[in-house]
Every structure is written in C-alpha cells, then in structure tokens.
Amino acid sequence: MEALDLRFVEVTPLTNLKRVVIGLPDVGLVGLITVNHLIRELSAEEAGYVESSTFPPVVVVHEGEPKFPMRFFHKDGVVYLTSEIPIPASSIPLLARGLVEWVKGKGSPLILSVSGVAVPNRLEIETPEVYGVASTPTARQVLVNAGVKPLEEGFMVGPHSQILMEAVHRKIDNIVLVSQSHYQYPDPGAAASAVNVLNKILGLKVDVKTLLEQAEEIRLKMREVMHRTYRQMERMQKAQEQELPPMYV
C-alpha cells in the first residue's frame, strides 16, 4: 500500500467485513451527511484513518483531540468511510486504487458509495428519488432486491466514478447510490432518502426524523465544507453530470 503513497491505518483491526459504505464530500454533501448520520445513530466506533502525502496538510480537532480528516468507523461488520475535507482532483485516482485494493485485501465486501445527482427542480421535489449504478451482476441484483431504480443514462464525475471504474476493472462488487439533490447546497433531505435505501440494503432501521428536523442546522454547520467542495467540483467539471452523453442527445 505504501507504494501507492496511500495508507489505510487500522487502529482497531478489522476482520470479517460484510460491507463498506463510503460518503465523501460531493454534490449536496449527500454522501457525507448520510454516512455521518449512520455513524452517529449506530454509535459506530472509530477504527482508523487514511493518510497520503497527496492530501492537503489538514488536521481537524474534535474535543481537543487532533484527527485525520479521512477516517473510518466500524459497526457489526460494516465499515463507514468519511472525509471532512473534499478530495483534491489530483488525489482521486490514487484514493480509488488504494481503496479498492484495501477492500480486496479484506475479502472483497460490497462497496456502497453514496452521492448526489443535481436536479434543477430540486425545490419542487418533496422526497428525492435514489438511483443506483452497479459494477457487477451480483451488485446489480442487490439493487433489484432493494427496489432501487437503475441510473439509465448520464455522466458520473469525481471520486465515486473513479472507485466504480476501479471496481469494474478488478471485478469487485460496487454500488453507487445517487440521490436527487441540490448541486451546491448541503441537502439533508437527499441524504434522508439515501439512508432509507441503505436501511433496506444493510438490514438497518436507522430513523431519519432527526436528520430532517435538524436540516437547517446541518446546512449551516456544513456551509464551509460545501464551499470548499464546490471549488473542487468546479475543477473536476462536475457540472457535466447534469448533461446527457452526446450520443443520446
């Protein structure tokens, strides 16, 4: 792993993993809000962190303790990976290769990536839809069993797209869930829809009531993360996701 200049450091050794859920700063911060909510509601325990010299020199402080911005948590055989800073575009290929390699070394549990897909009429949508893209027939069957509609056409840009292509290349099961979302505003409502889908796939009963009740507070808390994420998305030309591939126009 060191050869990739990326390390998954397990403070608590992880064995017998069943699923890996990833929520990184992206459209509407959907993945980040979703995974943070799951970690909090499930009381998942911090199990380690990801470090690389290609990441920005940032340390976050919680309750007086310095922390790596990208950390993972564990509960009942499921790992929840999250990052408090947006991933630089130049680090995404390295992260994708390192993540899929790490997952393969753990027996190849299903990777569930959570993201948002910007829709122009989001204000008119009360309950956002969640769509899915899968890397393998096995992963596609998981989507079918959970009643998740497939994303039929479109572009995917950013960390989740790179992880998906690495998973396709290495024949690892990976599902990307995308919830209808605002583009550049934190969207707890979109995250609530993603949590409801993950409840079905993971066999959980995580309530989204607090997520919706605290929506305005979450938007304010995450305003600065969204601002930094927006700048990274602009560098990745993330807005392309709102376009259809030319061959289908």
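Let me start with one residue. Leaving aside neighbours within four places in sequence, Lys 67 is in contact with Glu 46, Val 59, Val 60 and His 62. Contact here means heavy atoms within 4.5 Å.

A word on the source. This is a predicted model, in which local features need pLDDT of at least 70 and side-chain atom pairs count only at pLDDT 80 or more, while totals for chains, interfaces and linings use all residues. Residues are numbered from 1 along each chain as its sequence is written, and side-chain values use heavy atoms, with hydrogens and water left out.

Back to Lys 67. It lies in strand β5, residues 65-67. Helices (H or I, at least four residues) and strands (E, at least two) are DSSP runs, numbered from the N terminus. Is Lys 67 buried or exposed? Lys 67 counts as buried, because its relative accessibility is 15%. The cut-offs: buried is under 20% relative accessible area, exposed is over 50%, and partly exposed is in between, with a 1.4 Å probe and protein chains only. The side chains of Lys 67 and Glu 46 are joined by a polar contact of 3.1 Å. That term means a pair of N or O atoms within 3.5 Å; within protein, one must be able to donate a hydrogen and the other to accept it, and residues adjacent in sequence count only if both atoms are side-chain atoms.

Now the sheet. Nine strands form an open sheet with mixed pairing, in the order β1-β3-β6-β7-β2-β8-β11-β9-β10. The edge strands, β1 (7-10) and β10 (149-150), each pair on one side only. Two strands pair if DSSP finds at least two bridges between them. Take β8 (residues 110-118) and β11 (residues 174-181): they pair in the parallel sense over eight bridges. Ser 115 stands opposite Val 178 in β11.

Next, the helices on the strands. α1 lies across β2 (19-23), β6, β7 (78-83), β8 and β11, and runs at about 130° to β7. α4 (residues 159-170) lies across β2, β8, β9 (130-134) and β11, at about 155° to β11. Axes are lines fitted to C-alpha atoms, for helices over the stretch in contact; angles run from 0 to 180 degrees between N-to-C directions.

α1 is mostly covered, with ten of its 13 residues buried. Among them are Val 30, Leu 32, His 37 and Leu 42.

On to the rings. Rings of Phe, Tyr and Trp (its six-membered ring) pair if their centres lie within 6.5 Å; planes under 30 degrees apart count as stacked, over 60 as edge-to-face, and the rest as tilted. The count comes to five aromatic pairs. Phe 72 and Trp 102 have ring centres 5.5 Å apart and planes at 40°, so this pair is tilted. It links distant parts of the chain, 30 residues apart: Phe 72 is in β6 (residues 70-75) and Trp 102 in α2 (residues 92-105). Both residues are buried. Ring pairs link Phe 8, Phe 72 and Trp 102 into a cluster.

Last, the backbone. Most residues other than glycine have a negative phi. Ser 108 has a positive phi of about 60°. It lies in the loop between α2 and β8 and is partly exposed at 29%. Lys 171 has a phi near 60°. Its place is the loop between α4 and β11, and it is exposed at 70%.
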